[in-house]
Amino acid sequence: MPDPQQPGLPDDKSAISAAGAGAATDMAMSEGISLEGQDPQGGGPDTKPRSLWSDAWRDLRRNPVFLISSLIILFLVVISIWPSLIASGNPLSCDLAKSQQGSQPGHPFGFNQQGCDVYTRTVYGARTSVAVGVLATLGVAVLGSVLGGLAGFFGGVWDAILSRVTDMFFAIPVVLGGLVLLSVVTSTTIWPVIGFMVLLGWPQISRIARGSVITAKQNDYVQAARALGASNTRMLLRHITPNAVAPVIVVATIALGTYIALEATLSFLGVGLRPPTVSWGIDISDASANVRNAPHMLLWPAGALAITVLAFIMLGDAVRDALDPKLR
Amino acid sequence: MRGATHARWTAVAVAVTLAATGCGGGGNGGGGGDGSGIVSSSWGDPQNPLEPANTNEVQGGKVLDMIFRGLKRYNPKTGAAEDALAEKIETDDSVNYRITVKDGWTFSNGEKVTAKSFVDAWNYGAHLDNNQKNAYFFGYIDGYDEVHPEEGDATARTLSGLKVTGERTFTVKLNQKFSTWPETLGYAAFAPLPTAFFEDHDSWLAKPVGNGPYQVDNYAKGSQMSLRTWNDYPGDDKAQNGGVDLKVYTDNNTAYTDLTAGNLDLVDDIPANQIKNAQSDLGDRYLNTPAGIIQTLSFPFYDKEWNTPDGAKLRTGISRAINREQITKTIFQNTRTPATDWTSPVLGEDGGYKAGLCGDACEYDPAEAKRLVEEGGGIPGGTMRLGYNADTGSHKEWVDAVCNSINNALGQDRACVGDPTGTFADFRNKIGERKMPGPFRAGWQMDYPLIQNFLQPLYYTDASSNDGEWSNEKFDKLVDDANAESDTAKAVEKFQQAEEVLRDEMGAIPLWYQNGSAGYSDRISNVELNPFSVPVYNEIKVG
Amino acid sequence: MGRYVIRRLLQMIPVFIGATLLIFLMVNVMGDPVAGLCGDRQCDPATAQRLRTDLGLDKPVWQQYLTYMGNVFTGDFGTAFNGQKVTELMGSAFPVTIRLTIVAIVLEIVIGITLGVVTGLRRGRPVDTGVLILTLVVISVPTFVTGLLVQLLLGVKWGWIKPAVSSEATFGELFVPGLVLASVSLAYVTRLTRTSIAENRRADYVRTAIAKGLPRRRVITRHLLRNSLIPVVTFIGTDIGALMGGAIVTERIFNIHGVGFQLYQGILRQNTQTVVGFVTVLVLVFLVANLIVDLLYAVLDPRIRYA
């Protein structure tokens, strides 16, 4: 096993891949390359060894899908922080006389059931919804993949204990969990809701990660690395994670959207975010009841949610591609 | 899809599921205008076993109204208590009553309805060991404290105030003067029970037997109850149809959709967001009838912040900040009527309903509202949390609308925010433990159409449903006086004076009177809702 | 293998006890169910006390739990508030929900994997984009709305189906509700399959298979798909339990008297007996489903062995 600090051969993995080398060789080579390959553009004397992650980053910067999705996300972040940049109204000012009215000058998206301006609420809702979606997804993904990864990697007793704990958490119905855990909270911040989603959401990712790690662990290059005496940490980080991360990314990016929607379900149950908080989830839930009479009330917050999910799915796709050595 | 042909029809429908159109509304279940057609109606699973004194909600109440007749019956149109099985109810002192039961009545299993049928039923309903949730209805009868003590075990088997004096006669002794007591006897809890109820309770519950115009044909808990006309029914309100199939729906929205698809004849609780469609979907087959229900906002008077000397001004200010007119129109599509007193229009003027009794205090006037709230010391803490439960009745919409109305009137954007509680039980817990942090929603469905029922249980000091702990000596005294008054008109007048005290102190903010709403298919006609918002099934004609 | 299965079956015991205890405590934390039984008014104190005694609520929680578990082992799951036996409720709810779940899972497998394979092989093509857009719609429009719209269009406007499922709840009637129920999971299955396929189609064994001149169809089904299915199978395995217990919205909209509906009612009314009873059975379903998934790993990837 070469020492990671020692400069390796500057080469192009895809070339090796394309050469159709045997699996074991492929593993050993790409191992060396992905970890120790030098940046061909760097060239300077102080060139740092290039890792798989920096490789991925280089790929990402050139990927239009990544750029577009990043721009959308950047935009969402900006309006989350300064919603007044593009919306001048007050999301809490509602006039029942305008209930369900359609588009009109100054109010491009029309009004909702309570007579609030849909455009303003959609813009102001971004902060809460994006924060809930992103933070819950991050929490779930980190907790789930760490626990699931460990269970899958070590197997045996570890797996038994972690998997059975997972099973127990699976057994808690969301409605019950929400009513019990969230009804005791009176805080109007988003944190209890995020905490709740992480608590009930991690088992799913954990299962997926465990399954992927179990498969990845069987790959010849992992077996070879083990034979070469690589440490557990090293194998997990360098060999298994890049090969097992794809399903986690896929599930997490879709889950992001479902968490934003789940927040609506929790609000509907009376245990989610409380007014005067403005969020897409609350507006989608409110609009759903009247969708037959005023579909426009649903269209805008749901559309905003769709664009957000799209951005993250695209981002996830790009990151996954960048991490996948076989696609090089 | 109904009646005996149910299973077969479904099987056919399955074979062609995705291709076939629904089976349509008509046809099966018997002929047209000859009174043998079957009505299919939406239903919700009753919360409690179907015992008369244990049923405290509309769904179980529907069935009891079909299979039982008591001493009195509330006229489905006027709500007035009229004699049903009672031949006469006499009293000299408003305490001792002599009751004679009409001759010729039997239960549908052939057993005679006697004085004993009533006395046994009432004793059962009152006794602590039987866990009857409406036991308190018997609380005016002498000896109630022995069979249903506040604490500890019962010391008597039967109510000492009840005595059977003959096959068709019995006497009732009350523990206080109550001149309008006979008018409470139309409530289902006072229904007679056959001996089968006591001898084989489980099979009675599986298939209840009563003395009403219908008998239970088949009861599949959780999915359907088939009721069929009892042909030997001795009363004069015989069923005009062949029977009723009550079908349990998971959601009233679904029931409504099934009605519009022609698979159901009657939906008696149209969800608010479908009302707009109901008018266009159904035309004149849509009913919107006043019911004996009023919605109010109660205040936590046990909380010092809400019980200040100037509190009345603050509460009146809040009341005047609520645009009832607009909310009932926009949110409820006029299935609620802005309240102008604390009773219900179904009482009628003679019964004590007085439109406009609330006067200015219930008129929307944002400027005046703002002034009053400021004079009353402002909203405690700057924000008031308006409590409601999120699991039933879609209260969120109107609570948000009320809050927006208050916020707009006061010119602040968070003077009022909705404060949901997840479950009804939890909501009631918080109320019971006196833990509400602000005003909260309160709904009152009358037990019997008397003005007394709208005031005493809710606002009398320490009354059973006085959840806000409002207390006022003047009010209590007027209610006492009214109850002792043997002349109905004078009693009503006293009650109204008490109501004026309630208004001046704004002990609770009246919001609106609730209507019953229903829609029905073109297969059936002569559909009406009674003042308890229950369809009058026996009068429905099929075809 | 046999020993592995036995070990897994034994592990179910602590999970079973842990999960039931957890649920039992959670329902208990929700507070006093009696308060909700008397409508918009307080129950009179004597009756309330009586009800609490009858429901065993006056005893300490651990004692309630032991009594309950003791009863469960003798087959007595208690009684719901309306006087119906919980076993009776389960007997009517589970068959319906199992049928609904089967419909949903089959749709997930058939539609989800097909779309996943197609999009995975044609990344970036119009069909891929089209499926992505569908995915977005499914995720961002709540099931509640999709369900209502489907019900309104197919049930009322076009009259293709009956909007409400009858109490028989046959497979035919459950097709559309099953599709609605499966919609979000479909998005997951499609994208998981797509990613796996895209990842594995460059794998050596696929290239070898192609080089050997195997027909494309055989390469896809035998080599590519089989090796791509592990994440998908894992997901579907976790989804079975979620579909069975979590079909609250779908069951309500389509009038299906199944587990989700009963569980929801039980939770809202804080009926410990109903909730714990139903969840207990669900826990068993999870455990078995997970075991099957783990065994499937070995079938799909022969390199995975269980000692």
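Helix H10 (residues 232–268) of chain A packs against helix H12 (residues 296–323) of chain A at an angle of about 175°, their axes lying 9 Å apart. The two helices are therefore roughly antiparallel, a term for angles over 145 degrees. Axes are lines fitted to C-alpha atoms over the stretch in contact, and angles run from 0 to 180 degrees between N-to-C directions. Helices (H or I, at least four residues) and strands (E, at least two) are DSSP runs, numbered from the N terminus.

This is a predicted model, in which local features need pLDDT of at least 70 and side-chain atom pairs pLDDT 80 or more, while totals for chains, interfaces and linings use all residues. Residues are numbered from 1 along each chain, and chains are lettered from A in the order in which they are written.

Among the residues of H10(A) that meet H12(A) are Val245(A) and Ile249(A); Phe312(A) is one of their counterparts in H12(A). Contact means C-beta atoms, placed from the backbone, within 7 Å.

Between chains, 51 residues of chain B are in contact with 54 residues of chain C. H14(B) gives the largest share of the chain B side, six residues.

| Contact | Nonpolar | Polar | Charged |
|---|---|---|---|
| H10(A) with H12(A) | 15 residues | three residues | one residue |

Technical notes
Contact = placed C-beta atoms within 7 Å. Parallel < 35°, antiparallel > 145°, perpendicular 65-115°, else oblique. Nonpolar A, V, L, I, M, F, W, Y, C, P; charged D, E, K, R; others polar.
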